[in-house]
Amino acid sequence: MASNDAASQVNQGAGFMGWLNKRLPVNKFISDQLLEYYAPKNFNVWYFFGSLALLVLVMQLVSGIFLTMFYKVGDTTAFESVEFIRREVSYGWLIQSLHAIGASAFFVVVYLHMYRALMYGSYKAPRELLWLFGMFIYLALMAEAFMGYVLPWGNMSYWAATVIINIFSTIPVIGPGLVEWIRGDYGVADATLNRFFSLHVVAIPLILLLLVALHLVALRQVGSNNPDGIEIKENKGSDGKPVDGIPFHPYYTVKDIVGVGFFLTLFAVVVFFVPTFGGLFMEEANFEPANPLSTPEPIAPSWYFTPYYAILRAVPNQRIGALLLLLAVLAFFFLPWLDRSPVKSVRYRGLWFKGMLAVFTVSFLALMYLGLKPASASYVNAARVFAIGYFSFFVLMPLYTKWDRVKSVPKRVSFHE
Amino acid sequence: MADQEAVDLDRRKFLTVATAATAGVGVVFAATPFVASWSPSERAKALGAPITVDLSKLEPGMMLTYVWRKQPIYIFKRTPETVAKLAAHDAQLKDPKSSDSDQPAYATNEMRSLRPDVAVLIATCTHLGCLPKQRFEPADAELGADWPGGFRCPCHGSRFDLAGRVFNGSPASVNLRVPPYNFENDNTLVIGSDDAAVQGAA
Ligand code: HEM
Ligand code: FES
């Protein structure tokens with residue numbers, strides 16, 4: 001096999017590197033993963049978001065480790081300790097802002113990363129498992145963000161925890177008992193805060209790291225897709241290398257660093273000049289301590305949950321509302337099997353898919369907006385319309401991807417757009 | 001040693017499955033204490049003991065909020081006129097007779113209470129647990145001319161009447177819950193226990 005040949009050719013080096021390489025496959029790793037790893041040469045800006053997600057993950061881990069040094073978990077200490085970090089720890093305000101705004105940045109990056117996969121059909125064979133690992137990362141990320149949001153024990157933390165945990169109470173029979181078990185008390189309380197802290201700083205980060213590792217191994221196994229949706233491994237030159245591939249290093253390592261530069265610039269602008277981002281990245285009501293006797297009005301979850309929240313609210317029956325919320329998230333898992341189209345990229349798809357992708361995009365953004373608004377009749381009615389748009393993208397997919405009149409896909413990748 | 005005996009594959013398969021199954025049982029047993037640790041602790045349960053509320057200063061139309069088992073409890077007095085009007089809007093309610101709702105047997109009536117004048121309700125919204133806000137004034141500009149007075153939840157707009165019964169069109173499906181309670185005397189309410197004998201012993 002070609003990869004074995006390549007491995008046997010790896011230069012073991014002399015001196016210390018030779019000693020090291022006999023004991024740890026350093027050069028082999030660099031060769032397999034960077035120098036001899038061929039990625040499609042037509043990546044566009046949408047391909048920045050994977051490496052940016054890695055960057056944000058590291059940023060969250062580092063800022064989180066430092067926050068944990070000052071944060072005091074407990075219903076009587078948590079709120080005060082976050083104030084302490086923001087006001088009295090040297091650069092505590094910066095570390096706390098980086099972590100809180102980093103959570104929003106994570107979702108910005110991950111949503112764009114996922115949207116790229118929708119556009120270019122990256123979830124389709126042979127990348128189903130890569131996509132599924134991505135979806136598990138997304139679920140873990142949602143849990144991580146939700147529990148982290150509870151930790152400052154502000155009033156919004158408290159009521160967000162109350163409402164979200166109560167969604168489980170709609171499960172028939174076991175619901176009420178399950179909710180008590182999750183909270184560890186008859187209401188959201190100290191016990192809830194403590195277990196969320198443990199999960200947020202230990203359990204879920206470990207799970208996330210494991211899932212990201214699996215995500216990347218699966219990616220290396222099947223190779224990246226690209227904006228044309230052409231499998232570059234199917235068109236190899238006489239040297240056995242994909243004609244439309246270029247070595248990951250130096251081409252994409254350097255390109256990714258440029259992406260990092262742009263991202264960090266934008267991120268710094270937000271952190272220093274618009275940290276609350278109009279109440280989206282940090283919420284007003286969370287600057288007040290948790291008060292079990294007063295629900296903040298209006299109450300809305302973080303912006304990255306609002307599409308699902310709007311769907312929940314759009315249904316007058318709470319059980320069906322919770323079920324649709326669940327389905328709205330889980331629907332993504334089934335994409336690889338719902339899509340019957342012979343082509344991957346939107347560039348070669350027909351009007352049906354393009355139209356439905358547009359419907360989905362508009363619906364998702366509209367639901368995101370509506371979920372931030374109060375539950376008045378006109379907003380709720382609008383959410384119903386967009387929820388139908390949202391679900392039709394998935395439910396009708398087996399049909400319209402069949403009917404779609406696709407273009408023929410060229411053999412070589414292109415650089416238009 | 002030239003042991004030519006063939007490997008007994010059936011036996012090997014049986015042993016593999018049996019070992020795996022035993023390990024599986026072990027995992028379940030080992031997981032039990034960890035899963036159980038999440039249930040409310042003994043302390044949380046102890047703090048859930050009954051509370052006593054003095055009603056002597058509670059005027060009709062006024063409301064008190066107490067916390068019992070981490071849940072806010074609304075306690076308010078209804079005027080005789082309010083009580084008389086409570087049955088008038090039954091048609092607008094999801095569960096006017098409280099047959100699908102959660103309350104002690106002695107509160108499964110039109111007033112959802114032991115005494116018509118005193119209402120005791122668990123304040124957490126039966127939709128997703130926010131606190132419905134007091135909107136006792138009838139004919140509210142926002143809630144409509146036929147609003148009889150009651151509560152509106154700020155989270156998703158569920159509406160309840162002055163007996164905690166949910167109006168049609170609310171995301172909540174059942175009425176506000178009623179905690180177990182009893183009256184020690186005319187002006188002393190005990191929340192969390194419906195048995196005066198148990199309360200006396202404590
Ligand atoms: C912590 C979060 C994540 C990290 C660190 C991460 C990392 C990466 C990296 C480095 C790549 C290769 C570069 C690129 O294509 O942009 C990639 C590709 C990919 N990721 Fe993720 N990812 C994350 C979350 C997700 C999620 C939530 C999904 C989807 C549900 C997903 C689906 C994919 C897919 C389908 C590809 C292949 C795309 C293609 O080749 O066109 N990832 N990921
Ligand atoms: S929590 Fe009260 S209406 Fe949803």
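This is a predicted model: local features need pLDDT of at least 70, side-chain atom pairs count only at pLDDT 80 or more; totals for chains, interfaces and linings use all residues.
Student: Which residues of helix 5 of chain A are buried, and what do they line?
Tutor: Helix 5 covers residues 78-87 of chain A, and its buried residues are A:Ala78, A:Phe79, A:Val82 and A:Ile85. Viewed down the helix axis, the buried residues fall within an arc of 120°, so they line one face of the helix.

Student: Which residues come nearest to ligand 1?
Tutor: The ligand has 26 residues around it. Helix 4 (49-68), helix 6 (92-120), helix 7 (128-150) and helix 10 (190-222) of chain A each give two or more residues to that shell. Coming nearest are A:Gly50, A:Ala53, A:Ser122, A:Gly134 and A:Asn225.

Student: How many residues of the shell around ligand 1 are charged?
Tutor: The shell holds 17 nonpolar residues and eight polar ones. The charged class has one.

Student: What radius of gyration does chain B have?
Tutor: A compact globule of 202 residues would come near 17 Å. The C-alpha trace of chain B spans about 100 × 45 × 25 Å along its principal axes. Of its residues, 31% count as buried. The radius of gyration of chain B is 27 Å.

Student: What pattern do the helices and strands of chain B follow?
Tutor: Chain B has four helices and nine strands. Of its contacts with a separation of 6 or more, 54% join residues 24 or more positions apart. Along the sequence the pattern reads α-α-β-β-β-α-β-β-β-β-β-β-α.

Student: Which residues is B:Leu121 in contact with, leaving aside neighbours within four places in sequence?
Tutor: The largest nonpolar core has 101 residues. B:Leu121 is among those that touch the most other members, along with B:Ile73, B:Val120 and B:Cys130. Beyond its sequence neighbours, B:Leu121 is in contact with B:Ile73, B:Tyr74, B:Gly164, B:Leu176 and B:Val178.

Student: Which residues does the second, separate core include?
Tutor: This core has 24 residues. Among them are A:Ala322, A:Leu325, A:Ala328 and A:Tyr390.

Student: Which elements of chain B give two or more residues to the side that touches chain A?
Tutor: The contact takes 25 residues from chain B and 27 residues from chain A. The chain B side has twelve nonpolar, eleven polar and two charged residues. The elements are strand 2 (63-68) and strand 3 (71-77) of chain B.

Definitions and conventions:
Residues are numbered from 1 along each chain as its sequence is written. Chains are lettered from A and ligands numbered from 1 in the order in which they are written. A residue is near a molecule or strand if its C-beta atom, placed from the backbone, lies within 6 Å of it. Ala, Val, Leu, Ile, Met, Phe, Trp, Tyr, Cys and Pro count as nonpolar, Asp, Glu, Lys and Arg as charged, and the others, Gly among them, as polar. The radius of gyration is taken over C-alpha atoms; the globule rule is 2.2 Å times the number of residues to the power 0.38. A residue is buried if 20 or more other C-beta atoms lie within 10 Å of its own, exposed if 12 or fewer, and partly exposed in between; C-beta atoms are placed from the backbone. Two residues are in contact if their C-beta atoms, placed from the backbone, lie within 7 Å. The arc is that of the directions from the helix axis to the C-beta atoms. A nonpolar core is a set of buried Ala, Val, Leu, Ile, Met, Phe, Trp, Tyr and Cys residues joined through C-beta atoms within 7 Å.
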